[in-house]
Structure formats: structure tokens, C-alpha cells
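Follow the text below with the model open beside it.

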Amino acid sequence: MLQKIAVALVMLAIIALALGVLILAPWWALLTFVLLFAGWLALTRAGRQTWSVTEVALATIPQRLGSSSVVVVGIAGVVGVLVALLAMALGFEKTLKQTGTDDTVIMLRAGSQTELNSVLSHETAQLLAQQPQVLRDAQGQPVASPELVVVAALPKKSNRLDANVELRGVGEHAWSVHPNVRITVGRKFTPGLRELIVGQGARAQFAGLDPGGTLKLNGQQWTVVGVFDSGDAHDSEIWGDTDIVGSTYRRGSSTTSVVVRLTNPGAYDALKANLASDPRLQVDMKTTRAYYSDQSAQLSRLLRVLGTVVGSIMAVGAIFGALNTMYAAVAARAREIATLRAIGFRGVPVVISVLLETMLFALLGGIVGAAIAWLLFDNYTASTLGANFSQVVFAFSVSPALLWSGLKWALAIGFIGGLFPAMRAARIPVTAGLREL
Amino acid sequence: MKYLHLVWAALLRRKSRTIFTLLSVLAAFLLFGLLDSVHSAFTAGSRNVAGVDRLVTVSKVSFTLSLPKSLYERIQAVPGVRAVTYANWFGGIYQDPKNFFANMAVAPNFLSLYPEFAMPPEQLKAFHDTRTGAVVGASLARQFGWKIGDKIPLQATIFPQKDGSNTWTLDLVGIFHVTDPKQVAQENQLVFNWDYFDEARQFGNGNIGWYITRIDDPKQADQVAARIDALSFDSDHETKTQSQQAFNVAFVSQFADIGLIVGAIMGAVFFTLILLTGNTMAQAVRERIPELAVLKTIGFSNRSVLSLVLAEAVALLLIGATVGLLLAGAVVAGVRLKIGSAFPLDPVGVDIWLQGLALAVLVGLIVGALPAVRGMRLRIVDALSGR
């Protein structure tokens, strides 16, 4: 009894240690380990024994294709689902973190958190643009864009249901405070006219946003004159002239935010101190990069937790599937293993060969699952409700790091699922095993 | 039924195999229960039977845009309309932006259009009599430990007060309960008096966010909606009126296609599960061929052998599913107790159980079919001689 408990404890310790190493080790450490292991297989006596036992086992796989595929498919399922969910989190995060720069600053009314909630009067917006830390252009005008973010409900292409799209009114300096934005089709809107340009993400998700088309907002006709590409969160937006958007939405001359370019990134603190000391101003400010990055935190954390929970539960299922298969495989080969032991093979090569076989299945499953997730979901576009209560379009991002962590999960499942059957294989009493049919 | 002990004996023949398979089935159904609970919570609003006679009227441009209050009397006069109320999104934060819950300013008669929000009459009266009064759902009150008489400070994100302050302090005068367990997520909101809100806010005065209309006959919903929208046609504040359910469906679909995500995960899980339990059943029948032959020899019909194997597969799935769903129910209950209804999770109720058990029987029949047919077709002589 005591011995059994001791064995169980030792096994648990081995598993914990192996998983810890697997999770923490960088790829080169694992590669070194694989190389050392291959060297051990090729060069030492025990290694060569292990390899020959493994060879026999691998040769019998065609006879038990069905049960072996349980391990492979089970693990492929875990890795596929895990990688897909994490790719969704990463894609959303990437889109928002790419948005904005460190030398542009967005200013909102104090306490408003997002642009949609914020209101700045025309006078406040003027004061903000006139701060000495704001860069001036060749004409001596401040490089500042007073912006008005509103929302329009338009039917989505996918289900024809109305969804919110962000309509951003921008000032004439918008092109220099949002340097990523490039016109790909058509032209920029003309200030003073009811003209719109649409982000390519918005155009792909919503019906009726093609250049040349018209859009009716609050009883007024707007014309789409161009398409822009920014490769970030602005791709999900529609842009027009701040003043005209304001009149359509009955917002007068107020805006929701002012985006300015700083004379240099170091001017941030000076600007902040200036705004804090002016009693006329009640505003919050952030660099545009920080403003957008912060918006991704909550959703991507939720998706990561979801992915890990779903992946873990599936992994438990897959471990038991692997245990079943490998115990059956060991039982089927009991006579053969006993024979090997009888002619002088030691326990360690048998243990390692069973473990190695399971890990190979697991590796195959991991590769299959990761490949499926990559083929189906890399750059798959989706959209969700963002901070401004409107759709943010993003692409799933199946990065090499995600594929690698998927493979690690596969190997961990294979290790746990193979270790116990491997121990069983080594402990089959030779005499009983030889009698086994 | 009289062969139950045979099915049982077959399952216990190799205990470790049965246990491992059961644990895999359990994991699959645990996941099924949890994901279905999330899915059901997200779609709860669109299945709310209490709301079939309610229409929502929002600005056609976007529901974030406000409407003039002058529409109130005009909507009331529309034929087919029984009662009208209105509300305005407030978007206040309690202590930390992470503590998100819906909070809005509502008309005095708002709660009378939501009979599913049950509250003692004296609390309703207090709400009408207290200018700064607020009413919250029971889950929300539990989550933050609020009692009647507490002062709740909300940080405004949209509406500062006239003096520029962002802090609105409300007096908690009522706590409502939602009786339908499917709709408990509705308890996660706070409402306060629109009159106070409108008087104290800095801008937007006289405008409201959306109208809720209760109509005489749900079958007439489309006609009444068209009449309401006709009131503001071609004005600078055109409206869009739809049933509360249609509004909720469109709203939820803006977050993500939850059904698609859940469906894809469950597809992967059950594909694996079928393969896994199918393999177990194939092994179990393969090694029992001689025993099945003996059964046939002593007079069991082909049909009985077929049903025995099928029953074994279904029993395996049902036991795993039951334990898995029980566990899912416990996990959901635990999470709800811990974090309130901040994360949408429905209790694992009768319909999730029925779906889960039906799925278990279906998967059992699928994975049992091939081995069962094999057992049925075996020839006694061959099987007994081990050929």
C-alpha cells in the first residue's frame, strides 16, 4: 500500500516537472533536448534497445489504426479549438494595438472613457489645439484634428441585421495625425460637402458602402467617394468632415475629441501639466496608441480565459482517450514485451518506447490540429462590438507562437496519456506476459 | 430491462477502460453544459415571452442618438398602443469600469410596462416619491452588497451635472426580482428617475433615448410599428420601431455570432467523442465475440444481441452525460454565486438537460451501431471456434 502511494507521488512529481519544463522552456532548449535524446537513441546500448522496441511498435500500428487515430484526432481537436480561440484574442489585440502612435495625443472630456461618451465645446477644442506642445504646420496652423465620433446603424452583409458602424468626422489635419490611413480607391472627401470615405473593413462587413453609392443619414443623402486602408482599428470606420457630420447629427459645433500631433514625444508630460493647470479645461488625455491598446484588454483577456478553459476540459477528455488506447496497445503487445524482457531487454527502454510512441501520436495530432486552425482561421475576418459601441473588424491571427504553444499542449497531453501505460508495460511480469494470448 | 444486469456486467468487464471512456464522455458533456449555458444566456433576450407585446422605438440612424420627448404624446395617440414609456442610457460607472452593469434613467411608468420585474408596491411608491431614487435588480444588489436606503454614487461617463460634476449620488429605494430563471440576467441593471436626470444634466435636456410601447395585440405589431415610424417620417429624427425580441436579436448579434462559435467547438468535441467511444465499443465487442456466441447458442435472438450492444453504448454515454451535466450545473452555480451575473451564464436547466441527454442517446446509437451489427451477424460456429 505504502509503496503504491509512493509510486503515485513519484509519478505526479515527474508529470509536474515535465509539464513545468515544457511550458517554461524556450524552443531552443527543447530542440537541444530532442537532439540529445536522438543521440542517446543512436549511440548508447539502452538507446539502441529503445529504438528497436519502438520500431517493432511502430510496425504494428497499421493493425491498430482505428484506436491510434483516437489519440491523434482527440489531440488535434484540442489544439485546433485552442489555437482558434487564442488566434481570435490575438487578432483583436493586434488590430487595436497597431492603432495610434506615441507622438499623437487624443483629448476627451474628463471621465468619459471613450469618444462616443465625450463632448467638447468648440471653445474647448480651440483651446486644446492652441497648446504650445502641439506641432505647427508650414502655415503656422496647429496640427490638430477636431473629431466627432457618432454611430450609424447599417445592415450587415452577413445577416442583413442592423449593426453599428462608427462614423468619424475629422478635421483637415486628420491625414497627419492618423498617418496610417491611405486612400486605396477613389479620393478623399471634400471638406464642406456631404461626402464620405469608408474603411475597407467597414466596406467588407456592411452592405451598401461601395464607392459611388449613397447613404441616407437623418434624412440627408451622403455620397461615398473613396475607400481607405489603415491596417488598424480605423479600417472599421467611415470618415467625413467634422462640421458636416455635426450638422447632420444636430451636434452644433461641438466635437467628441481633439487629436493632435506633439512637437516631440517628450512633450507629453508638459502638455499634461498644462491641461491640468488650466481651470477652463476638464479633459483627459492619452497617446492614441495607449487609448486604443487599452480598449483591447478586456475582450482579449476574456477570449484567452475562454480558450484555456475550453482547451483544458477537452485536454482532460483527450488524456483519457490516450490512456485507453495506450493501455489497450500495451495489453495487446503484452506477450511481445514479455518476450523482449525475457531475452534481456531492460525496463527503461520499454517505458521510453511506449512513451515515445504516444508522444509521436500526440505530435502528429498537434500538427494536424494546428494546421487545420491555421488553414481555416488565419486572417479570417470577424467583427465585434468595440468601445465606441460600434463594430470593430479584425482578422484572426494564427501566429507561429500560437502554433508552438498548441504543439506544447499536444506534447503535454501525450506525455500524461503515455506515462501510465508505459509504466504498466515495464511492470508486466514476464511469466504471466508470456502466457497471455 | 430484464437484461440490465447483462449490460452492467459488460460495462464492468474491463473496469479501467470503462472508467477512462466515461471520463472522456464526462469532459465532453461538461463542456456541452457550460457552452450551452453561455449560449442560452446570450440569446435569452430574444426568447423573452414576457416581451411579446412590447415594441422598441429608436432613432433610425442609430440607437445611440436621442429622440425628442414630443413624440411621447403622439405615440400614445397611435391606434393599437396601450401604453408608452421611455428611457435614456446613462452609462455610469460604479467604482471601477470593470463593474459594468446597465444603468438608465426611466419614465415614472417604466416599471409598469415590465411586469416581469416584481417589486413590493411600497418600494414602487418610494421610487415615484423619491426624486433621487433608484431601483436595482436583486442579482446586482447581491453582487455589491447593496441594501435599501444605501447611497449609490455613479460616475457619469456621458452626462455631467449642471455644475460640471461627474458624480451622481442615487438613493436605493427598491430591489426587483425576475421570476423566470431564464431571464435572471435582467436583474443586472439599475434604473433611476428620468425627471431628476433631465433636470440635473448639463446638456441634451428634453431628449430621451428610446421609447417602449406596449400594444394591444402582438399580432398587429408590424402595423403599429409602421404607424409609429410614420409619425417622424422624413423629419430630422426618423425612428425605427421593432419588437423587443427583434431588437434584442440584432443587438446580441453585434457582439459576435455566439451560436457559430459554440457550434464549431461542440462540433470538434463531439466528432472526437464519437471516434473515441466508437473505438471503445469496437474493442469491447471484439474481445467478447465468443461470449456473444454463447448467448446466441442458449437462445438469444439476433435482435436481443443487437439491442444488448446498443444498450451498452447508450448506457455508457448516458452515465457520462449525467455526471458531466451535473458537474456543469455545479460549476455554473458556483461561478454565478461568485461573480454574480456579470458574465452571462444561464443555470443548467431542463432544456439543456434534455438536449444533452438526447445527444447522449444519439451518440450512443451511432457508436453502438457498427459493433452491434457485427455482434448480430456473427455465426455461432465461427465465433466459438475463434475464427
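Begin in the loop that links α7 (221–231) to β12 (239–243) of chain B, where Asp234(B) lies. The model is a predicted one. Asp234(B) is not a glycine, yet its phi is positive, at about 65°. Is Asp234(B) buried or exposed? It counts as exposed, because 7 C-beta neighbours lie inside 10 Å, and the cut-off for exposed residues is 12 or fewer.

Arg160(A) sits in the loop between β2 (144–155) and β3 (162–170) of chain A. Its phi is also positive, about 60°, although Arg160(A) is not a glycine. With 9 other C-beta atoms within 10 Å, Arg160(A) is exposed.

Ala44(B) belongs to the loop between α2 and β1 (54–59) of chain B. It has 20 C-beta neighbours inside 10 Å and therefore counts as buried; the cut-off for buried residues is 20 or more. Which residues does Ala44(B) contact, leaving aside its neighbours within four places in sequence? They are Lys182(B), Gln183(B), Ala185(B) and Asp346(B). Ala369(B) is 325 residues from Ala44(B) along the chain, and the C-alpha atoms of the two are separated by 37 Å.

The whole of chain B comes next. It has 13 helices and twelve strands. Its C-alpha atoms fill a box of roughly 95 × 45 × 35 Å along the principal axes. The radius of gyration of chain B is 29 Å, whereas a compact globule of 387 residues would have one near 21 Å. Of the 387 residues in chain B, 43% are buried. Among contacts in chain B with a separation of 6 or more, 83% are between residues 24 or more positions apart.

Now turn to the strands of chain A. Strand β1 (residues 104–109) of chain A is largely enclosed by the rest of the structure, because six of its six residues are buried. Which strands does β1(A) pair with? One partner is strand β9 (residues 257–261) of chain A, in the antiparallel sense and over four bridges. Another is strand β10 (residues 283–287) of chain A, again antiparallel, over five bridges. Met107(A) shows both pairings: it stands opposite Val258(A) in β9(A), and its bridge partner in β10(A) is Met285(A).

Strand β9 of chain A also holds Arg261(A). This residue counts as buried, because it has 25 C-beta neighbours inside 10 Å. Not counting residues up to four places away in sequence, Arg261(A) touches Asp103(A), Thr104(A), Val134(A), Leu135(A), Val143(A), Ser176(A) and Val177(A). Ile372(A) is 111 residues from Arg261(A) along the chain, with 44 Å between their C-alpha atoms.

The helices of chain A bring in another kind of packing. Two packed helices are described by the angle between their axes and the distance between the axes. Helix α1 (residues 2–24) of chain A and helix α13 (residues 400–427) of chain A have axes that come within 10 Å and cross at roughly 165°. That angle makes α1(A) roughly antiparallel to α13(A). On the side of α1(A), the contact includes Met11(A), Ile15(A) and Ala18(A), and on the side of α13(A) it includes Lys408(A), Leu411(A) and Phe415(A). The crossing of these helices, α1(A) and α13(A), is right-handed.

Last comes the contact between the two chains. How many residues does each chain give to it? Chain B gives 44 residues and chain A gives 45. On the side of chain B that touches chain A, the elements giving two or more residues are α2 (15–42), α8 (244–255) and α9 (258–286) of chain B. The largest share of that side comes from α9(B), with eleven residues.

Helix α9(B) also packs against helix α4 (residues 65–97) of chain A: their axes come within 9 Å and cross at roughly 165°. This makes α4(A) roughly antiparallel to α9(B). Residues in the contact include Gly66(A), Val70(A), Gly74(A) and Gly77(A) of α4(A), and Ile265(B), Phe271(B), Leu275(B) and Asn279(B) of α9(B). Here α4(A) passes α9(B) in a left-handed crossing.

Technical notes
Residues numbered from 1 in each chain as written. Chains lettered and ligands numbered in written order. Predicted model: local features only at pLDDT ≥ 70, side-chain atom pairs only at ≥ 80, totals over all residues. Pairing = 2+ DSSP bridges. Rg over C-alpha atoms; globule rule 2.2 N^0.38 Å. Contact = placed C-beta atoms within 7 Å. Axes fitted to C-alpha atoms, helices over the stretch in contact; angles between N-to-C directions. Parallel < 35°, antiparallel > 145°, perpendicular 65-115°, else oblique. Left-handed = near helix turned anticlockwise from the far one by under 90°.
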